[in-house]
Amino acid sequence: MPLPSEASYCPPLVPPPPGDPPPLPPSFSPRASPHFTAPRRAAPHRRPAMDFDSRILPRIGGFGRYSRAVVSCTWPCAFAVALAFFSDVFFTLLPDSYRCRTDPSLLPRVVLLLNLSEEALLNLSVPWVPGSGWSRCELYRYQQNSSNGPAEDLPREAVPCTRGWHFTTSAGLHSTYVTEWNLVCENYWKVPLQHVCFMMGCMLGYIFLGTLCDRIGRRQVFLFSVVISSLLGVAVCLANRPVVFLLLRLCEGSTLSGIFLSSYITRLEMCDPSHRLMMTMIGGFFAACAELLLPGLAVLCRDWPVLQAVATLPLLLLLSYWCSTSIFPESPRWLLATHQVLQARKSLQSISVRNGVCLGEEMYPAENLLSEMDVAYPEASEPCYHHVLELHHTRVIGRNGLILGFTLFIGTGIQYCFTRNLHSFSHRFYLSYFVRVATGVTACGLLCLTVDRFGRRGILLLSAIVTGLSSLLLLALTQYLRSSLVLILSVLGLLSSQALAMLSVFFASEVLPTVVRGGALGLVLASGCVGMAASSLMELQNNGGYFLHNVVFASFAVLSVLCIMLLPETKRKPLPDSLKEGENQRRPALFSSQPGRDALPLLHNLPRDSDYNPDSYSRLVSATKKMLAKDRPYRDILPSQHTLLAIGNGLPDCQDNGVLHEDNS
């Protein structure tokens, strides 16, 4: 089925074969000289001429000092988002132990006249539950008209707590969202509900703000998200009701998603293929540093409003990015993909100057790049935006996004099964917390070492296999295994599931085209939020569906192994910019063919590339334009435009992005 943007397909103009006079670019009038012949159409199988990674990025300095500076400015964004995101773990942390406060009005009058100690009063007021200690949700109520006698023999009944609870905390904050509004016993359901609402806010933010990234740009969405999240972070500190806290955290989660998504995409699009993985994983290390700092900050802050204020402080510091566009510029790749030519030229010139590439003379590579842009992109073309709903008409892009969203959903949802085994091994909060953070750091480091060597698809497949096997073994053999082996399998499964989740996000950002990368990657990340919310849904049912939850996610992990085989390999390959380029991605063979094996005679072989050099052609065009501009007889014929800003008008206004990048053969 053809793509929606292919309706205006028009191949670019190409020079004639060697031996014929070279043609003029479309910006020149055919009356300028009689020595030029009409151009011919390009072969449809040729690769696009203005591929960003191979044709544009090396000519503006590649991954130079300015590009490295911009990427490094996106790492604090990952730190700030992780600090605000994972603080929710400490806000909703249930105290180690709690019981009802004693209520003297429920005791008989005879007992009130006695001078009882606090321990004796506690024995008369709170029921004792064998195996768990003092009752957490009940008090004794005595009949007031009881006769004299021992207090333990008086008639009494158990009633819910009437004067609140006494909490004992040994980890995290002393005052939390739970202890502030007594969200225990019959009100405990509000705690997992708050986490579900927070995940729902993140999911909505990924979808809507990701779509805005494809419409108004990465920088605009980033600045909008930073401003709103900073205001909401301050407002959360002043919340005086659980409902207000819940709604504010929902909105804050949506804006945090916008910060993460826009900075993640900008970091990816500013890198060349050889640095994409390492720069992305360094952002993961910054997020892990925020998780490691949170326990210490919780001990120092003691109260949840203070911790919320501290977590909002890095977001306020990100407001400094508003002051200068050089700190967080708009992605030139997105500008070119959406045909915003003038803004793209300014951005490329600015990046090339800051990277140390000179633009003074015509023989420098950057000016040759601008000359090629004169040929490939018409100046008067209207911006062509794409919506994520257009993926409904695609086959390869939609399939890749669906598979990677599925693997991310598995990687985030199945972590609850492994962390629950850690809780059964030890009830200490810090043990499970630091094991989860340590496995995340280890997974990030292993991805840095293996993904560029063995490929994205192979490591993703290995992560899915280890995750599925660990879950199945724990599901079937937990009662027959030693506790140490259960701990090892849980840690191994947690490690592989986190690697599966991180690599799914990175893989999806590489296979999705630039024109819909924001919205499509937002949908993938939204599926991860659904997986994280699954654990809270289990807590809403008092872990009644844990076995079914484990079975479903273990089955999904096994099923994902077959789905991953359909994905393409993106190792050291340029990012797709248009829908057409995204559709042309094909999965490689599982095993490479044997060396020296004859090719099948029925397969179509592409013709050999000609000896035409686009760099020489662009230099010839630039020199011809300057020569004709200096010649007086041609001043009235040629358009009065600057050499570097002259753009042709021979192509239609809005063409498919993949067609505009056709090679001049």
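## Cys 137 and its disulfide

Let's start with Cys 137, which is partly exposed at 29% relative accessibility. Keep in mind that this is a predicted model. Cys 137 forms a disulfide with Cys 185, and the two sulfur atoms are 1.9 Å apart. The torsion about the S-S bond is -95°, so to speak of handedness, the link of Cys 137 and Cys 185 is left-handed.

As for where the two ends sit, Cys 137 is in the loop between strand 5 (133-134) and strand 6 (138-142), while Cys 185 is in the loop between helix 5 (177-180) and helix 6 (190-215). The pair links distant parts of the chain, 48 residues apart.

## The other cysteines

The count comes to two disulfides.

Cys 529 is buried, at 2% relative accessibility. Cys 213 is buried too, at 0%.

## Aromatic rings

Now for the rings: the structure holds 28 aromatic pairs. One of them is Phe 553 with Phe 556, an edge-to-face pair with 6.4 Å centre to centre and 70° between the planes. Both residues belong to helix 20 (residues 546-564), and because they are three residues apart there, about one helical turn separates them. Phe 553 is buried, with a relative accessible area of 4%, whereas Phe 556 is partly exposed at 27%.

Elsewhere, ring pairs link Phe 90, Phe 429, Tyr 430, Tyr 433 and Phe 434 into a cluster.

## Charges over rings

Two arginines are worth a look here. Arg 249 has its charged end over the ring of Phe 198, 4.4 Å from the ring centre. Arg 354 has its charged end over the ring of Tyr 66, 5.3 Å from that centre.

Finally, Gln 220 is found in helix 7 (residues 218-237) and is partly exposed, at 42% relative accessibility. The C-alpha atoms of Gln 220 and Pro 329 are separated by 9.7 Å, and these residues are 109 apart along the chain.

How values were computed. Residues are numbered from 1 along each chain as its sequence is written. This is a predicted model: local features need pLDDT of at least 70, side-chain atom pairs count only at pLDDT 80 or more; totals for chains, interfaces and linings use all residues. Side-chain values use heavy atoms; hydrogens and water are left out. Rings of Phe, Tyr and Trp (its six-membered ring) pair if their centres lie within 6.5 Å; planes under 30 degrees apart count as stacked, over 60 as edge-to-face and the rest as tilted. Helices (H or I, at least four residues) and strands (E, at least two) are DSSP runs, numbered from the N terminus. Buried means under 20% relative accessible area, exposed over 50%, partly exposed in between (1.4 Å probe, protein chains only). A charge sits over a ring if NZ of Lys or CZ of Arg is within 6 Å of the ring centre and within 35 degrees of the ring normal. A disulfide is a pair of cysteine sulfur atoms within 2.5 Å.
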